[in-house]
Amino acid sequence: MTIEQLQRRYHWLKYEADFIADAQQAHVISEQANQVMAEIKQRLAAGDVNS
């Protein structure tokens with residue numbers, strides 16, 4: 001995924017987690033969003049802005 005796609009995925013996951021009534025399920029989705037953000041940060045730190 002490109003950085004832009006990862007950013008969209010991150011924001012979608014965070015948005016989805018906000019509307020989940022089940023706290024455990026919301027936690028799982030938030031954790032997925034955190035993993036996506038970690039990948040974004042890793043790629044940006046490596047200078048990988050196009051892929």
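Which residues does arginine 9 touch, not counting residues up to four places away in sequence? I looked this up in a predicted model, and the answer is Met1 and Val36.

**Arginine 9.** I checked where arginine 9 sits, and it belongs to helix α1.

**Valine 36.** Next I turned to the other side of that contact. Leaving out residues up to four places away in sequence, valine 36 touches Leu6, Arg9, Tyr10 and Leu13.

**The core.** Valine 36 is also one of the nine residues in the largest nonpolar core. My list for that core reads Ile3, Leu6, Tyr10, Leu13, Ala17, Ile29, Ala33, Val36 and Ile40. Two elements, α1 (3–18) and α2 (23–45), each give two or more residues to this core. Helix α1 gives the most, with five. I jotted down a general point here: in soluble globular proteins, nonpolar side chains tend to be buried together.

**Rings.** How many aromatic pairs are there? I got two. In one of them, tyrosine 15 and phenylalanine 19 are tilted, with 5.0 Å from centre to centre and 55° between the planes. Ring pairs join Trp12, Tyr15 and Phe19 into a cluster.

Conventions
Residues are numbered from 1 along each chain as its sequence is written. This is a predicted model: local features need pLDDT of at least 70, side-chain atom pairs count only at pLDDT 80 or more; totals for chains, interfaces and linings use all residues. Side-chain values use heavy atoms; hydrogens and water are left out. A nonpolar core is a set of buried Ala, Val, Leu, Ile, Met, Phe, Trp, Tyr and Cys residues joined through side-chain atoms within 4.5 Å. Buried means under 20% relative accessible area, exposed over 50%, partly exposed in between (1.4 Å probe, protein chains only). Helices (H or I, at least four residues) and strands (E, at least two) are DSSP runs, numbered from the N terminus. Contact means heavy atoms within 4.5 Å. Rings of Phe, Tyr and Trp (its six-membered ring) pair if their centres lie within 6.5 Å; planes under 30 degrees apart count as stacked, over 60 as edge-to-face and the rest as tilted.
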